[in-house]
Amino acid sequence: MTIVIFLGSLLAAMAIGVPISFALLLSGAALMWHLGMFDAQILAQNLIEGSNSFPLLAVPFFMLAGEIMNAGGLSRRIVSFAMALVGHVRGGLGYVGIMAAVFMAALSGSAVADAAALSALLLPMMVHAGHDKARSAGLLASASIIAPIIPPSIGFVIFGVAANVSISKLFLAGIAPGVLLGVALCFTWWYVARKEMVAPPGRKTRREILAALKDALFALGLPLIVVVGLKFGVFTPTEAAVVAAVYALVISLFVYRELKLNQLFDLFLAAAKTTAVIMFLVAAAMVSAWLITVAQLPDQLVALLEPLLEHPRLLMAAIMVLVIVVGTAMDMTPTILILTPVLMPIVKAAGIDPVYFGVLFIMNNAIGLITPPVGTVLNTVAGVGKVSMDDVTKGVWPFMAAQFALMFLMVMFPQIVMIPARWLAG
C-alpha cells in the first residue's frame with residue numbers, strides 16, 4: 001500500500017502537468033500523511049537539507065564551464081582538430097562528431113550542452129556533404145550522451161551524493177566505458193553509412209594537423225588537468241569543477257579572446273537558471289528519499305527480490321531493464337534521485353560494487369536521454385538542428401541499440417568497467 005501511495009501520487013501529479021520537482025514534494029507529503037506523521041516543518045527541514053551538500057557545489061561550476069566552453073570557442077577548436085585527424089576517411093564527418101563528443105564530454109559533463117554545440121557545428125556540414133540528415137542527427141544525439149559518463153559528470157555528482165559513493169572513484173571509473181561508447185558508435189556509423197556515396201574532404205597535411213592541435217591545445221588541456229588532479233588527490237571533484245570553470249574562463253578571455261566581458265552576465269545567468277532547476281529537484285527528491293527510508297520501502301523491495309540476490313548479474317540485468325523503462329518517461333536527474341535510494345540497499349545486499357553499479361546506472365540514464373518520447377537530447381538536436389522529432393528518433397535507433405548492447409555486455413562482464421577503474425584509481 002505504501003508503494004501504491006507514493007507512486008500513485010507521483011504519477012498522478014505528473015499526469016496533470018505538475019513539474020517533477022513539485023510532484024516529488026506532493027508525493028512526499030502524501031507518503032508522510034499516509035504514515036501518520038505529516039508535519040510541514042519536517043518537510044521544509046528536509047527540503048533545505050536536501051541541497052545543503054558540499055559536493056553539490058560542483059553542479060553550478062560544471063554548468064558554468066560548459067556555457068563558457070561553447071561561447072569561448074573551445075568546442076569549435078575541438079571539432080576542427082577532430083576534422084584534421086579523421087575528416088578525410090569515408091564517413092569522416094561522423095567520426096569527427098564522435099571524437100569531438102568524447103573530447104567535449106571531458107569539458108562540460110552535460111549531454112544537452114554537447115548536443116547543442118555538435119548540432120550547431122557539425123549537422124549542417126554533414127547534410128551539406130550528402131549524409132542523410134536523420135541519421136546524422138541521430139549519430140550526434142547518441143554521441144552527446146557520452147558527456148554524463150566521462151568526467152567531469154554532473155550525473156556522477158548527483159548519484160554520488162544520493163548514494164554516498166565516492167565521486168572521485170565514479171569519475172575515474174567512467175573514463176573507459178565512455179571511450180568504449182565512442183568506439184561502439186564508430187563501428188555502428190561505419191555499418192550504417194557504408195553505402196552512402198559521400199566524397200570525404202581531402203586529407204590534411206601534417207602541418208595543418210599540427211596547427212589544429214596547437215590551436216586546440218588549451219581546450220584539450222582541461223580534461224587532462226581534471227583527471228590527473230583527481231587521480232593524485234590534488235583536488236576534490238567539487239574543487240575540480242571550480243578549476244574547470246576558472247580555466248575555461250581564462251582561456252576564453254585571454255588566450256582565444258573570443259569571449260567578451262559583456263557576455264559574462266548572460267553566461268552566468270544561464271548557468272544559474274539551469275543550476276536552480278537541478279538543485280530544487282535534488283532538494284525535493286531528498287524529501288522523498290528520506291520518507292522512502294522511513295517507510296522501509298527498500299527493505300520490502302529487498303525481500304521481494306531476495307531470489308535474485310545470489311545471482312548479481314541477473315539482478316543487474318533486471319535493474320537495467322527497469323531503468324530503461326523508467327528512462328523512456330522520465331529525465332535523467334529525477335530518475336537518479338528517485339531510484340537511487342530504492343536500489344542501493346538491494347545492490348549492497350547482493351554484494352555488487354557501488355562504483356560499478358553507479359557507472360552502469362548513469363550510463364543507462366544517459367542513454368535514456370535519447371529514448372523517445374521524453375528524450376531531452378533528442379529535443380535539443382531537433383531544435384538546434386532544425387530537424388523533425390520523428391526524423392531524429394528514426395535516425396537514433398541503430399546507435400542507441402549499439403549503446404544498450406555495450407551496456408549489457410558490461411553487465412555480463414563487470415571486468416570491462418572495474419579493471420580500468422582499479423588501474424586508474426591505483
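## Helices α8 and α20

Helix α8 (residues 133-144) packs against helix α20 (residues 389-412) with the axes 7 Å apart and at an angle of about 50°. Helices here are DSSP runs of H or I with at least four residues, strands are runs of E with at least two, and both are numbered from the N terminus. Axes are lines fitted to C-alpha atoms, for helices over the stretch in contact, and angles between N-to-C directions run from 0 to 180 degrees. The pair α8 and α20 is therefore oblique; under 35 degrees counts as roughly parallel, over 145 as roughly antiparallel, 65 to 115 as roughly perpendicular, and the rest as oblique.

The crossing of α8 past α20 is right-handed, that is, the near helix is turned clockwise from the far one by less than a right angle, with anticlockwise giving left-handed. On the α8 side the contact (heavy atoms within 4.5 Å) includes Ala-134, Arg-135 and Leu-139, and on the α20 side Asp-391, Lys-394 and Phe-399 are among the residues met. The residues of this α8 and α20 contact comprise 8 nonpolar, 4 polar and 3 charged. Ala, Val, Leu, Ile, Met, Phe, Trp, Tyr, Cys and Pro count as nonpolar, Asp, Glu, Lys and Arg as charged, and the others, Gly among them, as polar.

## Model and confidence

This is a predicted model, in which local features need pLDDT of at least 70, side-chain atom pairs count only at pLDDT 80 or more, and totals for chains, interfaces and linings use all residues. Residues are numbered from 1 along each chain as its sequence is written, and side-chain values use heavy atoms, with hydrogens and water left out.

Mean pLDDT (the predictor's confidence in each residue, from 0 to 100) is 84 for the protein, with 96% of residues at 70 or more. Confidence is lowest in helix α15 (residues 297-304), with a mean of 67, and highest in helix α18 (residues 354-367), at 95.

## Overall fold

The protein contains 21 helices and 0 strands. Its radius of gyration, 22 Å, is close to the 22 Å given by the globule rule for 426 residues, so the protein is as compact as a globular protein of that length. The radius is taken over C-alpha atoms, and the rule is 2.2 Å times the number of residues to the power 0.38. The C-alpha trace spans about 70 × 45 × 45 Å along its principal axes.

## Helices α9 and α18

Helix α9 (residues 154-163) and α18 cross at roughly 135°, their axes coming within 10 Å. This makes α9 oblique to α18, and the crossing is right-handed. Gly-155, Phe-156 and Phe-159 of α9 make the contact with residues of α18 including Phe-357, Phe-361 and Ile-362. By class, the α9 and α18 contact has 7 nonpolar, 2 polar and no charged residues.
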